[in-house]
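Subject: Structure handover

Hello,

Here is the structure for you to pick up. My notes on what turned up follow below it.

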Amino acid sequence: MNPHFCLLGVAAVTASLFFIARGAKRTTAKQLRIVFVSVPAGDKAAELARLIVNSHLGACVKVLPPLTSYYIYEGQFNEDAEQVLMIKTSEAALEELEQLVKSNHPYDVPEFLAVPVDYAHAPYAEWLINGSHMEWDLYYFLSGKKPAPTDVSECPAFQKLKEFVDSKRKMSTDLKPVYETIDKRRDEWIQILKESIAIESVSSDPARRGEVRRMVEWTMAYLSKQGAKCWLEELGEQTLHDGKKLPLPPCLLGELGHDPKKKTVLLYGHLDVQPARKEDGWNTEPFVMVESDGKLWGRGTSDDKGPVLSWIHAIQVLNEHKIEIPVNIKFCFEAMEESGSEGLTELLQRKKTDGWLADVEYTCISDSYWLGTEKPCLSYGLRGICSYHVEVSGLQQDLHSGVYGGSVYEPLNDLFYLMSQLMDVNGKILIPGIMDQVAEVTQIEKEAYEKIDFDVKEYRESVGAAKLPSEHKETLLMNRWRFPSLSVHGVEGAFSDPGDKTVIPSKVSGKFSIRVVPNMEPENINSLVAKYLNELWEKRGSGNKMKLITNQGSVPWVHPIDHPHFKAASRAVKKVYNVEPDFIREGCSIPITLTFQELTGHSVILLPTNASDSMAHSQNEKMRTHCYIDGIKLLATYLMELGH
């Protein structure tokens, strides 16, 4: 037994009884289960933060800042107890808790060890058994009649849980017929995806806003056929850069199942896509899906129409095989993700207020990618983003370069100067102070990166690069996920069509972004960027004007991988692909991830079905055909594992 458990035990019991004493009614012989997680001794804040205090319903307590990095999740106690959102960590607070335990706890001490666990929640039970956890009864601490067990296997609670999980494993649903049906109907799934790709749902193009709405309505019709109750939530208006207002496309919400005995999972995806034109470098028309070379080519195949449709296909096949889905499902499919998810956060806040999110215990997002092209993974972290426009102006109108060149300060020259000073050739950010805010890499992290299965050569070839800034696996992966990066995206206002146009632009705007990581605050980054660009501009001495525009940003997100949610997804990957998934972080930003975690108070997972070479947002976006078909199997299996 780990020697740290003793100290943890006292902290857990005092803390948990303090929570319950504040708002609970007096009951008789009610059991309270305490779960311990071993952490290094000496850091009392860490010990308290790592505790997961559960009632007989298996709910949890959330620790607010500054302890959020320990990932304790918010939930509710039983009907006799009060929801608590903060664990105090001072010595005075611990003394107060001890006094409350002695004088005011509402629980009678039982005469025997009992296990008041919700056996219907098998993943949680399996997590207890397989993890390095110890379960105790208050009897040990308050009666003094019986010594605590010296090993977790001696706990009757552990033995009962193990018997239950073993029996559940034997009762696992055979999904082989489901997989066979999915394979047989391959052409049907591909045709449905092709129909969706033909809808040019580019959310950033005001001229195609009607197509975006059509895509939402098309998806609602298909989802409704599977028995889901669906409706559209209008999001209001969008104010464009020129001041004009345009209706936002609606968000598709839905429900399937209302069994109070089942857990509820919320499935998120988006139905809008990035702009695409064949003349940008596509080999085929981007909105006419083509199957060739074992791949499905088209805008939105991987991001995110393919995965969204895979959810619906999976539910359809489970229903046709008359397999009861062991969880209730809620759907949230938006159509402005590629344009900042405008209006969605406000909608979700309203849905929390009206109770629609109250029963959501899991959220699953399938809008990310594998690390390579063969091995599946689960994503537990995302970088955030800070986005900028640098505007340089100074002339009344565009000028003829032959007539005026050499006699005026040219805005495009000034912009190129500024943009060239943002990073060096190897991607190092040159803005002072940026790296000072990055959390230090721990030894545990370093070891985790060493274990990841990743082929640098394959990665280099998949992106078509002749050379990478680093060929060292761990360095490359940390640069993609663990450290911030800066990318320049384009210039607005300059001539970019084929051929020549020898003019001096009067006004140009350069666009770049910084992907941020834990401990980096967007507000601080914005200040550093503004300070640096202002210093560069003063040094430049141009007669033009420079203006920095800061766009909406998002913070990074990280999740613990030993959560039951991740265990269920891991089992699903193992069943479909016959391999354990890698646990990775992502370099991209999905701002809604953190929003779902904050509003539901529960776990969010990224469950990708796409290989790393999908080229989302780029030319020739694609989804490997086997990824699409196997992805349907994965998502169906995930739903089954989540309930078991």
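The protein has 20 helices and 23 strands. Please keep in mind that this is a predicted model. Of its 644 residues, 54% are buried. Take the contacts between residues at least 6 apart in sequence: 78% of them join residues at least 24 apart.

**An enclosed strand**

Start with β7, residues 251-256. Six of its six residues are buried, so the rest of the structure largely encloses this strand. Both faces are covered. Cys251, Leu253 and Glu255 lie on one side, and Leu252, Gly254 and Leu256 lie on the other. Note that Glu255 is among the buried residues.

β7 has pairing on record with two strands here. Strand β4 (residues 229-233) joins β7 through five bridges, running antiparallel. In that pairing, Leu232 stands opposite Leu252. Strand β11 (residues 328-334) is also antiparallel to β7, again with five bridges.

Next is an open sheet of four strands, ordered β16-β18-β14-β19, with antiparallel pairing. The edges are β16 (485-492) and β19 (545-550). Each has a single partner strand, so one side of each lacks a neighbour in the sheet. From one strand to the next, the twist averages 20°.

β14 (residues 384-393) pairs with β19 over six bridges, in the antiparallel sense.

**Two crossing helices**

Now look at α18 (residues 564-577) and α20 (residues 625-643). Their axes come within 8 Å and cross at roughly 135°. That angle makes α18 oblique to α20. The crossing is right-handed.

Which residues of α18 and α20 meet? From α18 come His565, Ala568, Ala569, Arg571, Ala572, Val573, Lys575, Val576 and Tyr577. From α20 come Asp630, Gly631, Lys633, Leu634, Thr637, Tyr638, Glu641 and Leu642. The residues of this contact divide into nine nonpolar, three polar and five charged.

**Backbone points to check**

Some backbone angles deserve a look. Most residues other than glycine have a negative phi, and most peptide bonds are trans. The following entries depart from that.

- Asp303 and Asp304 are joined by a cis peptide bond, with omega about 5°. Asp304 sits in the loop between β10 (295-297) and α10 (305-320).
- His617 is not a glycine, yet its phi is positive, near 75°. The loop between β22 (603-606) and β23 (622-624) holds His617.
- Asn620 is likewise not a glycine and has a positive phi, about 55°. Asn620 lies in the loop between β22 and β23.

Asn620 has a relative accessible area of 14%, under the 20% cut-off, so Asn620 counts as buried.

Best wishes

Methods
Residues are numbered from 1 along each chain as its sequence is written. This is a predicted model: local features need pLDDT of at least 70, side-chain atom pairs count only at pLDDT 80 or more; totals for chains, interfaces and linings use all residues. Side-chain values use heavy atoms; hydrogens and water are left out. Axes are lines fitted to C-alpha atoms, for helices over the stretch in contact, and angles run from 0 to 180 degrees between N-to-C directions. Angles under 35 degrees count as roughly parallel, over 145 as roughly antiparallel, 65 to 115 as roughly perpendicular and the rest as oblique. A crossing is left-handed if the near helix is turned anticlockwise from the far one by less than a right angle, and right-handed if clockwise. Contact means heavy atoms within 4.5 Å. Ala, Val, Leu, Ile, Met, Phe, Trp, Tyr, Cys and Pro count as nonpolar, Asp, Glu, Lys and Arg as charged, and the others, Gly among them, as polar. Buried means under 20% relative accessible area, exposed over 50%, partly exposed in between (1.4 Å probe, protein chains only). Two strands pair if DSSP finds at least two bridges between them.
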